[in-house]
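My entries follow in the order in which I made them.

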Amino acid sequence: MKPLSNHAQNASDRFVAKQGSCTIVEANENHIPLIAPHIRREEKIEVSCMGRTVEEALSNGLEKDDCTLTVKDKYDVPYAMFGVGQINNQAYIWMLSTDAVKDNMFDFVRYSRKWIQLLTKPYKTTYNFVHQDNDLSVRWLKFCGAKFIRKVEINNQPFLEFIFISDNV
C-alpha cells in the first residue's frame with residue numbers, strides 16, 4: 001500500500017536505523033492512526049483480552065515505555081510498533097503489527113533477533129504474553145529465541161508467557 005504523501009509522515013520521525021527494506025524510527029503519536037486500524041486480527045484479540053483497545057495499547061507504550069520504535073516499509077508506511085519498559089522492576093517487551101508484516105517478512109525476521117537483543121540487554125531479561133493461537137507470533141518468537149515458561153489464562157483465553165534472556169548476561 002503506497003501512501004498518498006510521505007512528507008506529512010516524515011515531518012516528526014526521528015531515524016534510528018535502516019535494515020534492508022525496513023526503516024526503524026522513534027515511535028510517535030502520528031503513527032497510531034496509521035497502524036491501529038490495520039492491526040492483525042490475532043493481535044486485536046490479545047489486546048482485547050488485556051482490556052484495551054489497539055489505540056490505547058499503542059498510546060500506553062508511547063507513554064510508559066523506556067523505548068518505543070516503529071517499523072516502516074519501503075514506501076515509508078508504518079506497519080509495526082514495538083517497545084520495552086518496566087513495571088515493578090520487571091522488564092517487558094512488546095510488539096503489535098499489521099498484516100503488512102507478512103509483506104516485509106524477510107527483512108523483518110532477518111533483523112528481529114538483533115533488535116530483541118538490543119532492547120533486552122539493559123534489563124538482562126524481558127517478558128510478555130502471547131495468545132496461544134497466534135501461530136505467526138509464536139513461530140516468530142521461537143525463531144527470535146523466546147523461552148516459553150508457562151501457560152496462563154487471561155480473560156478465559158489461553159496465553160503463553162515468554163521471556164527473552166540477553167546473550168550478554
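Entry 1, a loop residue. I started with N155, which lies in the loop between β7 (147-154) and β8. Helices (H or I, at least four residues) and strands (E, at least two) are DSSP runs, numbered from the N terminus. The model is predicted: local features need pLDDT of at least 70, side-chain atom pairs count only at pLDDT 80 or more, and totals for chains, interfaces and linings use all residues. Residues are numbered from 1 along each chain as its sequence is written, and side-chain values use heavy atoms, with hydrogens and water left out.

I looked up the phi of N155 and found a positive value near 50°, in a residue other than glycine. Most residues other than glycine have a negative phi. Is N155 buried or exposed? N155 counts as exposed because its relative accessibility is 54%. Buried means under 20% relative accessible area, exposed over 50%, and partly exposed in between (1.4 Å probe, protein chains only).

D76 is in the loop between β3 and β4. D76 is not a glycine, yet has a positive phi of about 75°. D76 counts as buried, because its relative accessibility is 14%.

I found β4 and β5 running antiparallel, with 8 bridges joining them. Two strands pair if DSSP finds at least two bridges between them. I noted that G83 has W94 in β5 as its bridge partner. The hairpin has 2 residues between the strands, and N88 there takes a positive phi near 50°. I also checked burial: 7 of the 8 residues of β5 are buried, so β5 is largely enclosed by the rest of the structure.

A nonpolar core is a set of buried Ala, Val, Leu, Ile, Met, Phe, Trp, Tyr and Cys residues joined through side-chain atoms within 4.5 Å. Which residues have the most contacts inside the largest core? They are F82, F108, W140 and F164, in a core of 30 residues. At least two residues of this core come from each of β2 (22-26), β3 (67-72), β4 (78-87), β5 (90-97), α6 (105-120), α7 (135-143) and β8 (157-165). The largest share, 6 residues, comes from α6.

I listed the contacts (heavy atoms within 4.5 Å) of F82. Leaving out residues up to four places away in sequence, F82 touches I24, C67, T68, L69, V71, W94, M95, W115 and L119.

On a 1 Å grid over the protein atoms alone, a cavity is a set of points where a 1.4 Å probe fits but cannot get out, and a pocket is an open set with protein on both sides within 12 Å along at least five of seven lines; lining residues have an atom within 4 Å of a point. Grid points are joined across faces, edges and corners, and a volume is the space filled by probe spheres set on the points.

The largest pocket holds about 910 Å³ of space. Its lining has 40 residues, and Y92, I93, W94, M95 and N128 are the closest to its centre. The largest share of this lining, 7 residues, comes from α6.

I found 1 cavity of 30 Å³ or more. The volume of the largest cavity is about 80 Å³. Among the residues that line the largest cavity are R40, E43, M95, F108 and W140.
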